[in-house]
Amino acid sequence: MRYLEGMNDRQREAVLATDGPLSVLAGAGSGKTRVLTTRIYHLIRTGVPTEHILAVTFTNKAAREMRERLAAQLGEGAPLPLIATFHGLGRVLLEEYGSAIGTPRYFSIFDRGDSERVVKNALKEIGVDPKEVPPRAILARISKAKGEGLTAEGFHERHAHEGFRARLTNDVWTRYDRTLAREKAFDFDDLIALPVRLLEEHADVRAAVEERFHYIHVDEYQDTNELQGRLVNLLAAKHRNIFVVGDIDQTIYTWRGATIDNLLSFDRTYPDAKTIILEHNYRSSGTIVSVANTIIAHNKNRKEKRSVTDNPPGEPITLYAATGAEQEASWVAKEAKKAIAQGAALEDIAILFRTNFQSRALEEALLQEGVPYRLLGTRFFERKEVKDVLAWIRLALLPSREADRMRAVQAPPRGIGKVTLGKLVAGERRALRAGERAKVEAFEAIVAALAEAAESATPSTFVRLVIDKSGLEHAFAGGGEDDHERLENVHELATLATRYDAVAGHEGIAAFLADAALASDQDELDRTPDARGVTLMTVHAAKGLEFDTVFVTGMEEGLFPHEGMGDDENRDEEEERRLFYVAVTRAKRQLVLTFARVRRIYGADYLQEPSSFLHDIDAAHVRYAQTEEEPTVYL
């Protein structure tokens with residue numbers, strides 16, 4: 001078995017233990033992705049049909065990387081098992097079996113922007129100013145409740161007595177569900193909740209799915225919520241060949257419903273489960289591994305695990321104290337520039353921050369120093385011109401979608417104003433003047449032609465057709481520099497669609513739309529692999545990534561750990577420390593921690609104390625960066 005060469009004893013044990021429930025507690029940099037893909041390859045090599053194997057991840061990027069690794073091992077053209085995100089799996093289950101609960105074969109997926117828009121409109125209908133009650137806050141409560149398995153009715157029964165905000169959430173939720181039904185759409189949470197309902201209420205469907213998937217693999221199991229845990233257990237109920245990989249020390253999403261209990265209680269759910277701990281860190285230097293161990297050891301709610309490494313100690317941790325945020329950003333930019341001049345690759349450097357507002361000063365400093373960078377969080381699929389094309393595509397697949405019709409008819413503008421649109425929505429077509437009717441009929445003819453083309457075209461061909469027939473190509477081509485950039489972006493959408501050309505017609509186009517709706521920050525790295533620059537991102541967005549050099553900025557009490565996380569009485573008190581552990585373990589060779597003594601937040605200057613997390617680092621592992629001023633550093 002040459003594919004086992006280079007693995008340590010515990011990695012090989014995890015690959016070869018193919019039957020029954022197994023949990024792998026994998027520390028940072030322990031090679032868990034290799035273990036996961038090699039195990040799947042081993043199953044296939046020993047005769048398990050690919051259609052009986054399922055692997056579930058949390059990001060499109062992770063799923064793509066796993067598919068690419070397996071494809072390289074199996075050879076060109078070999079069939080692959082289903083490897084999908086939780087939401088991607090939910091889409092497959094609803095498309096193939098959802099008729100049992102009345103879901104359409106083809107449906108749209110609301111991204112967060114779509115959902116916030118509907119919630120905002122619902123608040124206005126009720127007479128509540130969205131500025132007073134943020135739609136995002138209401139949507140977050142709905143999302144968390146859905147993650148707990150509640151419906152709008154169940155939420156009302158459990159929370160109606162709690163006051164105005166709970167009653168408002170329930171009222172908005174009811175209107176929100178009506179809009180989803182009218183638009184034949186599901187949101188992210190429905191893609192988990194509905195498959196769970198489907199499997200729990202329909203024994204025939206559950207039997208079919210159990211017979212389909214004999215071996216279940218789940219990555220990042222510590223980040224699953226209650227409902228995702230139920231879905232996994234339903235899938236594994238018959239054959240019980242469930243393989244979960246996780247690290248309690250990297251649980252950083254409890255604020256959006258993830259529960260550490262799924263991993264902590266795995267042994268109780270499966271009393272015969274085997275547990276394998278991967279402690280060997282292949283990524284980071286000895287110093288970084290030692291510091292990370294010390295940091296996370298302060299947490300109590302965890303399974304005991306201590307990483308080890310054969311890597312040399314390497315450089316000490318660098319600590320820099322700046323006068324203010326601008327000085328901190330300037331110093332970081334200069335250090336990055338210096339590293340690049342000494343031979344470091346741009347893509348091997350990351351600058352992390354706890355909250356998004358910190359990025360402004362860092363971006364300005366990098367621009368000042370002439371250091372190329374890419375900021376994760378400005379998502380390609382959220383650009384207006386991209387969303388316009390996606391609206392046209394969805395409308396062609398489902399011409400009854402009113403929200404997409406309203407967007408498409410104005411992209412580009414074609415002389416159909418709000419009054420005309422209002423008459424159409426109200427069903428008053430006869431009230432249209434001749435000129436208005438002609439414009440509407442011309443628009444509808446384009447939609448009809450595209451709908452016909454969608455029956456057989458490959459996704460990339462169809463996207464190019466939409467860009468042309470909609471008029472967007474002509475509109476952007478005749479504009480200025482900004483319009484030319486917009487045209488490049490919509491052309492890039494057609495390029496991305498080629499990934500789905502293996503399946504033509506509605507099915508391939510629907511798969512493309514689904515992945516577009518489910519795209520995450522990390523997908524930007526895959527979308528532009530040739531774009532070179534230092535990477536700026538939040539610590540949350542950095543999960544699962546690694547870089548030679550990592551700067552962690554804003555190491556100040558109240559910022560990291562973030563004081564804003566203390567409002568929820570149900571909050572996991574240890575989560576901020578786990579988040580810091582994630583930040584530290586992104587670094588392979590060099591870790592740099594910075595803080596400012598004064599930081600301007602919302603227009604006011606605040607004296608800042610160094611983060612309490614810095615006290616956990618042994619001073620023997622720290623090197624203090626030289627400054628022009630007399631340093632005052634507290635540990």
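**Figure 1. Overall dimensions of the predicted protein model.** The radius of gyration of the protein, taken over C-alpha atoms, is 26 Å, which agrees with the value near 26 Å that a compact globule of 635 residues would have; the globule rule used here is 2.2 Å times the number of residues to the power 0.38. Along the principal axes, the C-alpha atoms fill a box of roughly 80 × 60 × 55 Å. The model is predicted, so that local features need pLDDT of at least 70 and side-chain atom pairs count only at pLDDT 80 or more, whereas totals for chains, interfaces and linings use all residues. Residues are numbered from 1 along each chain as its sequence is written, and side-chain values use heavy atoms, with hydrogens and water left out.

Figure 2. The protein holds 26 helices and 16 strands, which are DSSP runs numbered from the N terminus (helices: H or I, at least four residues; strands: E, at least two). Of its 635 residues, 54% count as buried, where buried means under 20% relative accessible area, exposed over 50%, and partly exposed in between, with a 1.4 Å probe and protein chains only. Among contacts (heavy atoms within 4.5 Å) between residues at least 6 apart in sequence, 78% join residues at least 24 apart. The accessible surface comes to about 28100 Å², and 49% of this belongs to carbon and sulfur atoms; the areas come from the Shrake-Rupley method with a 1.4 Å probe, and for residues only the protein chains shown count as cover.

Figure 3. Strand β10 covers residues 349-353, and because 5 of its 5 residues are buried, the strand is largely enclosed by the rest of the structure. In a regular strand the side chains alternate between the two faces of the sheet. In β10, both faces are covered, with buried I349, I351 and F353 on one side and buried A350 and L352 on the other. Two strands pair if DSSP finds at least two bridges between them, and β10 is joined by 4 bridges to β13 (residues 547-552), running parallel to that strand, with A350 standing opposite V550. A further 4 bridges join β10 to β12 (residues 534-538), again in parallel, and here I351 stands opposite L536.

Figure 4. Leaving aside neighbours within four places in sequence, T169 is in contact with I138, R141, I142 and F155. One of these, R141, is 28 residues away from T169 along the chain, yet their C-alpha atoms are separated by 7.5 Å.

Figure 5. The peptide bond from A411 to P412 is cis, with omega near 0°, and P412 is found in the loop between α18 (402-408) and α19 (418-425). A cis peptide bond also joins F560 and P561, with omega about 15°; P561 lies in the loop between β13 and α26 (575-584).

Figure 6. K184, in the loop between α8 and β5 (185-187), has phi near 50°, a positive value in a residue other than glycine, and at 38% relative accessibility it counts as partly exposed. E220, in the loop between β6 (215-218) and α11 (226-236), likewise has a positive phi near 50°, but at 15% relative accessibility E220 counts as buried.
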